[in-house]
Amino acid sequence: MPLSAALLRKDPTRTLDALWPEATASLTTTDQKTLRTRADRQFGRLHSLLHRLYGETYELDGVLKEALRIVAEGMAARPQAFKTLDSEREADPRWFRHERMVGAMAYADRFAGTLDGVREQIPYLKELGITYLHLMPVYAVPEGPNDGGFAVSDYRAVRPDLGTIDDLRALADALREHGISLALDFVFNHTSDEHLWARKALMGDTRFQDYYWMFPDRAVPGAYEQHLREIFPEQAPGSFTWRSDIEKWVWTTFNQFQWDLNYRNPEVFLAMLEELLFIANLGAEVVRVDAIAFAWKEMGTGCEGLPPVHWIVQAYNALLAMASPAVAFKSEAIVHPAEVKQYVGVDEAPLSYNPTLMALLWEALATRNTALLRRSMENHFGLPDGTAWVNYVRCHDDIGWTFADEDAAELGINGYDHRRFLNAFYTGYFDGSFARGLPFNYNPENQDMRISGMGASLAGVEQALVDGQEVWLDHAVRRLEVIHAVIYSAGGMPLLYLGDELGTTNDYSYRTNPLTAGDSRFAHRPAFDGKRAAERDTPGTIPHRLVGTIARLAELRAATPALGDTPTVFLNAGNDHVFAFRRGTPETGWLTVAVNLSEHNLLVPTRWLSHDGTDLLSGDLVRAGLSLSLAPYQVRWICGVHAG
């Protein structure tokens, strides 16, 4: 007899006892004991979350039992090496906050051709000091448009041009042997319209039609769209797509070929749990939760960031903690700075991209003024204990100017006007701009756009090479060096976008490919330039300089405990060209970072510097209370042993 909802609410422990024998029958005695210990810790919150999501509509005991069965089967299929790692990470749950953690991200095909090619590049990754590698989606996708791999047709198959699923397992093992953690994507908001579930829905199977959002006419979609924003107004206007083959409207937030999943249906939650645990058992140590904000729909709202989104991710977090606790979630939420942190937590996603720091580093380079950067970091940088930012300069995606208008207003800056200025600056239309970025998804209604471009092109390298001005080229390379020095020292894990370490500029060949011609983001998704990489051994070249800087930053970071699991305090250096912050504790020692984000020579009083120390980057002795000299785009890592 099913357990009553009232009993489930009152006594989750009794519920676990009742469901346990049948749900975990596939496990060995040892694994059952381990899983029960973890389940005793996690089941209470899992029970509460699933009750909020499904308890009023579905027989909750059935949902819970099926979730436990999937967890047990996932644990039974988990290789022993991963179970050992699970135990290690349970003993060290803050592993991703260690100073040795330095990340990189790339598309496997563009970086190395195939998964075996990525394995061959491990020595290069180690040269850069990389201990974490995020490969963009490697799963099977449609042959035509596929949103850069984010339209997944099969989570359990690899794109044939990259290799096989066994090649992916072998790569994960090889990376781990070399101390590099693999990160993979969990594209959980949508699937491709070629996914098995979608194909069954197109064949008229009503069970699988309920895996998605489908409507017989425009009435309900029209009511929803009154409150929805368009994500890709140029490429994919609207949020619904008419499918004449089944005469239904399908919810397609991002593209017509990406169908949003219906998480109101617990079958979807459970089916995606199976895919998640499969990804974990491939060897992923971090799972990036893609498009996290869009997973729940509610009439009369913008259908972004609703409370059930957090309940879903928290429930998956609890289930991961049972089956594969070595794996950590990383959230991707490009939203208002105050809202980004809502997705971050030990019980939700302990890692999160830091889009605000990224965007405002570029803002500060354009304005030569750090006031908005400092104010925003003071207001939004702090995270819950045991979590961490993933700090980056560039990534596979565009740049949106995600600063808070209220932060800007405190400084007398009009947010709307400032974004228009930044768009003009980074597309090269502002007089005096050094940037050669590209507009992405211009919206004529509000004149909004985002910016595409490789770091080198945005920082001025491309323009300086064309103009042949040596001093401009030096400044452009310094801009890249200085903002990477910030992400390598700010609290959290730095993430290098592979290609930036070589000074690779925009790839305009995307314009000649019909599949990519309308998407300027492919300008910053170039193939790895082996010839350029070889230049890193030739003094005087840009790759030699940048690779040397990046590798040294990683080496110094790994040797500096103050850059590990310590807080960040932002400082007012008394000069708006200068961005400054302090890291450390009495146990680790102290590191103060001072960054000149302008092309001016500065002499800055150091009332804000609370300790004497040595600049790890130059070897200079720096004394508190004396003026600090900063050359154009210079960064100082001032390491001391005490703070006042």
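User: What is the volume of the second largest cavity?

Analyst: The model is a predicted one. In this model, the second largest cavity has a volume of about 70 Å³.

User: How do the residues that line the second largest cavity divide into nonpolar, polar and charged?

Analyst: The lining includes Leu 228, Ile 231, Trp 251 and Phe 294, together with Arg 229, Lys 297 and Glu 304. Ser 239, Thr 253, Gly 302 and Cys 303 also belong to this lining. Sorted by type, the lining residues come to five nonpolar, three polar and three charged.

User: Is Cys 303 buried or exposed?

Analyst: Cys 303 is among the residues that line the second largest cavity. Buried means under 20% relative accessible area. Because the relative accessible area of Cys 303 is 3%, this residue is buried.

User: How many disulfides does the model have?

Analyst: A disulfide requires a pair of cysteine sulfur atoms within 2.5 Å. By this rule, the number of disulfides is zero.

User: Which elements give two or more residues to the lining of the largest cavity?

Analyst: The largest cavity holds about 120 Å³ of space. Of the 15 residues lining this cavity, the closest to its centre are Arg 110, Leu 498, Gly 499, Pro 526 and Phe 528. The elements that contribute two or more lining residues are strand 1 (103–106) and helix 6 (108–112).

User: How many charged residues are in the lining of the largest cavity?

Analyst: The lining of the largest cavity contains ten nonpolar and two polar residues. The charged residues in this lining number three.

Note on methods. Residues numbered from 1 in each chain as written. Predicted model: local features only at pLDDT ≥ 70, side-chain atom pairs only at ≥ 80, totals over all residues. Heavy atoms only, no water. Buried < 20%, exposed > 50% of the residue type's maximum accessible area, 1.4 Å probe, protein only. 1 Å grid on protein atoms, 1.4 Å probe; cavity = no way out; pocket = protein on both sides within 12 Å on 5 of 7 lines; lining within 4 Å. Points joined across faces, edges and corners; volume = space filled by probe spheres on them. Helix = DSSP H or I, 4+ residues; strand = E, 2+ residues; numbered from the N terminus. Nonpolar A, V, L, I, M, F, W, Y, C, P; charged D, E, K, R; others polar.
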